[in-house]
Each structure stands twice: as C-alpha cells, then as structure tokens.
Amino acid sequence: MLNIKTKNRLLIFLSIFVLSIILTIFLFKTLRNNVLYFYSPSEVSKSDENAFKNNIRLGGMVKPGSVKTDNNEIKFIVTDYKKEIIVIYQGTVPALFAEGKGVVAEGKLQDKKFFLAKRILAKHDENYMPPEIKESLKQNAR
Amino acid sequence: MLGSFGIAVTTISLLLSLSLLYLSYYDLKLSSNRVSKKIYKFSFLQILLTFLSFITLIMAYVISDFSLINVYENSHTTKPLFYKISGTWGNHEGSLLLWINILVLFSFLFLILDENKNKNFRLYTLIFQNILISTFLIFLLTNSNPFSLLYPVPTEGMGLNPILQDPALAIHPPLLYVGFVGSSIYFSIALAALITKVDSKSLATTIKPWVSVSWSFQTLGILVGSIWAYYELGWGGFWFWDPVENSSLMPWFLMTALLHSVLVLERRIGLYSWVIILSILTFTMSVVGTFLVRSGILNSVHTFANDPSRGLFILSFLALMVFSSIYIFFKYAPNENKNYKIFSKESFILLNNWFMIFFLAVVLIGTLYPVFLDTLTGQKISVGPPYYNFILAPFLLPLLFLMTSGPKHKWISPEIIGIFNIALFIAVSLFIIIFISIKESSILLLLILLFSTYLITQTIFDFFEKFKNKNINLSRIISHFGFGMLIFSISLNQIFSVEESFNARVGDERKFKNYTIKFSNLETFTKKNFKSAKGYFEIINNKNSTSQNLTPEIRVYNKPETITYEASINTRLFSDSYLTMSNISSTDVFNIKFQKKPFMNFIWFSVLLISLGGILQFTRFRKKI
C-alpha cells in the first residue's frame, strides 16, 4: 500500500492536475469567444453566416472620394480593389485615417455590403501597413 | 568621422568582452581566492568603451551627422535638442546599443558590488554575462549597426515620427530596458550558482537586490509607457492589452514571482531550483519580449517598420540560450526536500507564484495564439481586451485576499490567523458607503472594490503597526498598498467613465447627459517644425454649473509629414477631462471625442507606489551589507 506521505502527494498532484486542465479549458473557451477574425471585403462576400454573428476586423483601402460626414457619423467605403463595403462609424478616427490609405475597422457586419464599425484602428507609422491588408491587397493586385 | 570612430570603439569593446571571457575562464583555475586585478581593469575598460560608443552615437545625433544611415533615417536638423538625444534610442539600432550598455553596466556593477562572494561564483557569473554581451555586440555589428555609413552624405535627415517626440517616450525605453536587461544579471547569477553549487542563502542575498532593482524599473517603465499611450494615442485609455504592452508585462509577472520566492529562499533551503528556473525564465521572457516587438510578427498598434532577419537572429539566440540553460539546469540541479506546512508564510508566497504564472500563461497565450494560428492555418485573428478582462478579473479576488492575509502569517510554523479584525470591519463599512453612492450592478466589480478596500485598510493598519514592531517589511506594505489602490482606482475608473463622440463644425453645440460642449473657435498657427489647428472648446457641467476650457490640436509635422491629434487633458485631483479632435478628409467637419476619466491620477500614483516599494527594498538591502 502507499504510505500516507505518498498518498498526500498524489492527492495534491492530482488536484493540481485537474485544476490546471479545467483552467486551460476555461482559458481557451474564453479565447475562442473573444478573438476577432480579420476579413477583407472579398472574403466577406464569400463568407458564411459566421462572419455576421461576432465582431470582426475589416481591412482594406479607404476608397478615394467616398468619405462623407454629418453631425453624427462618418461613412466611407472600404475596398480591396475587387469588392467594396460601406462602413458607418461614430467616433474619432485615428491620425492616419485618410482617403486612399489603409484602414482596419472593428465592428459588426450588417449584411454583405454594410459594416457598422465600433473602432477604427490607429497605426503609428505612416509607412506601416497591417500585414493582413498588405497581403490581401498584394493578392488582388495580381 | 563619428561613424568610423563608433565602429572602432564598438569593435574594441567586443574584443574586450571576448578577452574578459577568456580571462575569467583562465582565472577559475588559479588558486588565489580573489578575482584577479586584470579582470577589474578589463571590465573598467569595457564599460568605458561601451559608454563611449553610445555617447558617440548621441553626439552624431546632436550634431546631425547624416553620414550615419541611422541618424539620417531618424533625425532632422530642426528637431529640438532634447528629441535629437532621445531619438538615439527611438529606433532599433540605437536601442540595441542602449540594451548592450545596460548589460555591460550590470556586469560591471555586479563585479564591484558583490565583492564578498565566492570567487568562482563571481567568475562564472561574469562569464555568462560576457557571453550575452559578446553575442549582442556581434549582432549589433553584423546586422544592426547604428554606425553604418551613407554615401553621398545627405544634407537633411528624414526626421523622427512626431508621436515619438515626447518626454514620456524619451525616458520610457531606458527605464524599461533597465528592467528587461537587469534580469540578465540574475540569469547569469543563477547559472553560475548552479555550476558552483552556491548555497541557497547566498544565492538569495546575491540575487535579491538585482531583482528589486529591475522589478522597480520595469514597473516604472510600464507606468511611463501607459501614461504616454494615455495622452498621445488619443483613445483615453491607459492599457489596451496590445501585444507590445503584453511583452513588457510578461517579464513583470515573472519578476514579481521571483521577488517573492527569493524571500523564502533567504530563510530556508526550499525553492532553490524554483528560483533558478524563475531567473532563467525572466530573462528568457525579456528576450522574447524584445523578439516580439522587434521582429514584426505581432500585429500591434505600436508596430513600426521591421526587418525579419533581426527576428531570426534573436530567435536562434533564444533557442540556444534556452537549451543551454536547460542543459546546465539538469546537469547541476540539486535535490531538495519540499515540505511545506499549509498556512505558513512560504506557502502563501508559493500561492503568489502560482498566480503570477497563471497570469503569465493567460497573457502569453493571448499574445501568441494569433501568431500560431496564422502560421498553422493562415487565419488572421486578434485577441480583444475582453479575453484578458474576463479571465483575469475574477482571479483578482483571491489574489487581493491573499495579499491581505498572507503577509500576516509566520514563517515555517503553521498558524491560522483570524481574518476578522478592525481593518476588515472598516473596509466593509467603507465599502457599504461606496456601494450606496455608486449604483453599480456588476457583482464582480463590487467584490473587487470590497477586496481592494480590505487590502488598503489592512496595509494602512500594518503601516502604523510598524512603529511598534520594527520587523515589519515596509516595502511590502507600500507595494501592496499601491496594488490595492491601483485595483480600486481602476474599478472606479471603469464605473464612472463617461464618453461621447460626435461630429461638429465651429460654433456647434452638443448636449448629452449633464454636459454641454461648445465648439467656440478654431485657430491655425505655424511653429518651427509643425503647423497646427487649435480648437477652443468649453465644457459646461450642468449639474454644478462649472465650466472648463479645452484646446485640442491637430498638428501637421513637416519632417516626416505626419498628422497627429493632440488630446487636451484637464487634470483635476479626482477626474480628468479628455478631449480629442480630428479632421475628416479636409472638410470643415471635425470629429470630437469627449471623455471624463475619473481617478487617473490615482492610477498613476499607485503604480508609482508599487515601484517605490521595490526601490526601498533595494536601499534597505544595501544598507545591511
């Protein structure tokens, strides 16, 4: 038989093991619920309804001449040269937001042509482009 | 001129580090029980020349020597002197040189301050430290040379990104680097202790001041970074769970764990291996942090243009470092008995370590998961702040409670201490007052408020008890009090923040809740290195009919041409008013965001207190020697 000391150790070890498994499951579950998937306008047009359930990040170029503002909101078109999506946003835009420049909008798709943004992301560097946009633009430019 | 001089000086300091390696190794075999004078001389020369190379680079920035690519790319003649100097470490190459300077500084300080330690222990520490120094110097000279020359010499530089031209960001990297790189010395000490079989007491006393110093600086660095993000990025927040911020927080968790377990090691044999593992992990995490920030694999709001070859170097260095540390650890790790009595102080410290490791795991997974998913499946994701808040917030409750009751327990002997005392009574009554006045419905937030109030009152009680009992650790009281204040202020900040965004033209007025915001005037003017449009706003609080004026700016810097939005912040003791204005595609409509941010001062101040505790720990320790 196991002596008491070994038994105690085994018990402690087992409880730690079980606890860490529960924590890990909890962790990844929360992680799954809180990730933001990145879409380009073309990907949105091909996507299933999953894209509409949760918040997503939409990235592309702000179409030149498309920015319109009134007292409440900003409206502009995000394009990846293939497909376009209208974005509506209430709030402040970051310093590097401009027509013809890259943009990442965070929010919810209303339908395949219409996006309600909660946040427009800022980037520090005017030469910097988020890797996702760079890639999707590169593919479409071909 | 300065470029060639800089390369020469840096090469000599590399040679010095290599000879130090050789000398220390050679000295190991000598029978004398003192470290040879030659090593002192070489170390002195090494620190002198490394500093000189850094000063050379600073000089090149000050006199705008554009024959250096690094100066050309990051500076400009019209830049104010202060930012010319701080621009030195505002870029990858310069900051790497700063990183090496701090490595050398710690190596030197260790040599002269820890004189009374075992000779071979000191020599091995020096060997490991110089391996690090040489590797990074080679990396600097071959891949990221700040002294690389440019021909023909341009007459004007490209300028420094204006958001980096900021006093907070000028001191942020040096502070953070002292924290990051400071962990190198206990990495080296830990490996040296393993090899020379140093006993736990002297390992603990050697490592402790270094841990407190790097921990305090890391805390300060994080503080300054988030203050900068608060007023410069214009979001009105102070922590975004951004991957780059996370990389500075992850070593912090490990340092905190180490800071606590060293206390155990000082008093008893236990935790020897654990302290060694933590020391190795902390420096590894610091290098990982550097790798994540500099390699560009993270999709972060802080990302600058990057170069993948750097990442490759740091990654291979990291792999080599981790594998050799693991090898050394398993070859030399001692056997130890791990008998802990529940409810003794050391088991509470172990619990602290569990929490820190858990927090680290949560942040690490959140930061790296997108990277792995991208490489494995090509799917692009980002992990939002709700993940962190949702997971970490509930665990604050037991942490706060343990921080309150843990330190009251005695070493070694198990003894259950009554938690029902005056402090708890006061905390609960205070909490009831708070509860009545805030009308907050989130139970978790309320509980966090209650537990942090308890921690605050208990530490205040402990503080007064200190006058009677000199054995109480003051730095613990200050840091724990600071942490309680921090959580308390953040919770109130969460509850009371007000935010309103709208678009307006000059002359417009906006009413919401009990505020009226008037956009009264717009002025434009030109300064030396930027043009600015300044908005004049009047914020009227209809509840107590007070008003204040805020003047946010839109600045267009000329070199490099960059637009920045300068938030206008009116700081009062209990609450900040925060207003940013941005222009939308050159129309006459402005995009306004007004925020009321309560308790911001308290948040900054409590982090300052936390780090003050660490500094106090260090000075207290030095006095003892």
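## Close-up views of a predicted model

**Figure 1. B:I276 and its neighbours in the predicted model.** Leaving aside residues up to four places away in sequence, B:I276 touches B:A190, B:A193, B:L194, B:L203 and B:F329. The model shown here and in the views that follow is a predicted one. B:I276 belongs to the largest nonpolar core, which has 141 residues. Within this core, B:I276 is one of five residues that touch the most other members, together with B:W99, B:L203, B:F359 and B:F483. Helix α7 of chain B, residues 167-196, supplies the largest share of the core, 18 residues. Another core, of 21 residues, lies apart from this one and includes A:V67, A:V87, A:V93 and A:F97.

**Figure 2. Two helices of chain B side by side, α12 and α13.** Here we look at α12(B), residues 345-377, and α13(B), residues 385-405, whose axes lie 11 Å apart. The packing angle is about 170 degrees. Angles over 145 degrees count as roughly antiparallel, and α12(B) and α13(B) are therefore roughly antiparallel to each other. On the α12(B) side, the residues in contact include B:F348, B:L351, B:F355, B:F358 and B:F359. Facing them from α13(B) are residues including B:Y387, B:Y388, B:I391, B:L392 and B:F395. What is the make-up of this contact in nonpolar, polar and charged residues? The contact has 16 nonpolar residues, three polar ones and no charged ones.

**Figure 3. An open sheet of four strands in chain B.** Follow the strands in the order β2-β11-β10-β9, with antiparallel pairing. At the edges are β2 (498-504) and β9 (568-571) of chain B, each of which pairs on one side only. On average, neighbouring strands of the sheet are turned by 10 degrees against each other, direction ignored. Seven bridges link β2(B) with the antiparallel strand β11(B), residues 590-598. To find your place along this pair, look for B:S501, whose bridge partner in β11(B) is B:K593. Helix α8 of chain B (residues 200-232) packs on the sheet, where α8(B) touches β9, β10 (575-583) and β11 of chain B. The direction of α8(B) makes about 55 degrees with that of β10(B). Helix α16 of chain B (residues 474-496) also packs on the sheet, touching β2 and β11 of chain B. Between the directions of α16(B) and β11(B) the angle is about 135 degrees.

**Figure 4. Strand β6 of chain A and its partners β2(A) and β7(A).** Strand β6(A), residues 102-111, runs antiparallel to β2(A), residues 56-62, and six bridges join them. A:M61 stands opposite A:G102 in β6(A). Six bridges also join β6(A) to the antiparallel strand β7(A), residues 114-120. In this pair, A:A105 has A:I120 of β7(A) as its bridge partner. The strands β6(A) and β7(A) make a hairpin, with two residues between them.

Figure 5. The peptide bond joining B:Y151 and B:P152 is cis, with omega at about -5 degrees. B:K513 is not a glycine, yet has a positive phi of about 40 degrees. Is B:K513 buried or exposed? With a relative accessibility of 71%, B:K513 counts as exposed. B:S545, also not a glycine, has a positive phi of about 40 degrees. B:S545 is exposed, at 63% relative accessible area.

How values were computed:
Residues numbered from 1 in each chain as written. Chains lettered and ligands numbered in written order. Predicted model: local features only at pLDDT ≥ 70, side-chain atom pairs only at ≥ 80, totals over all residues. Heavy atoms only, no water. Pairing = 2+ DSSP bridges. Axes fitted to C-alpha atoms, helices over the stretch in contact; angles between N-to-C directions. Contact = heavy atoms within 4.5 Å. Core = buried A, V, L, I, M, F, W, Y, C linked by side-chain atoms within 4.5 Å. Buried < 20%, exposed > 50% of the residue type's maximum accessible area, 1.4 Å probe, protein only. Parallel < 35°, antiparallel > 145°, perpendicular 65-115°, else oblique. Nonpolar A, V, L, I, M, F, W, Y, C, P; charged D, E, K, R; others polar.
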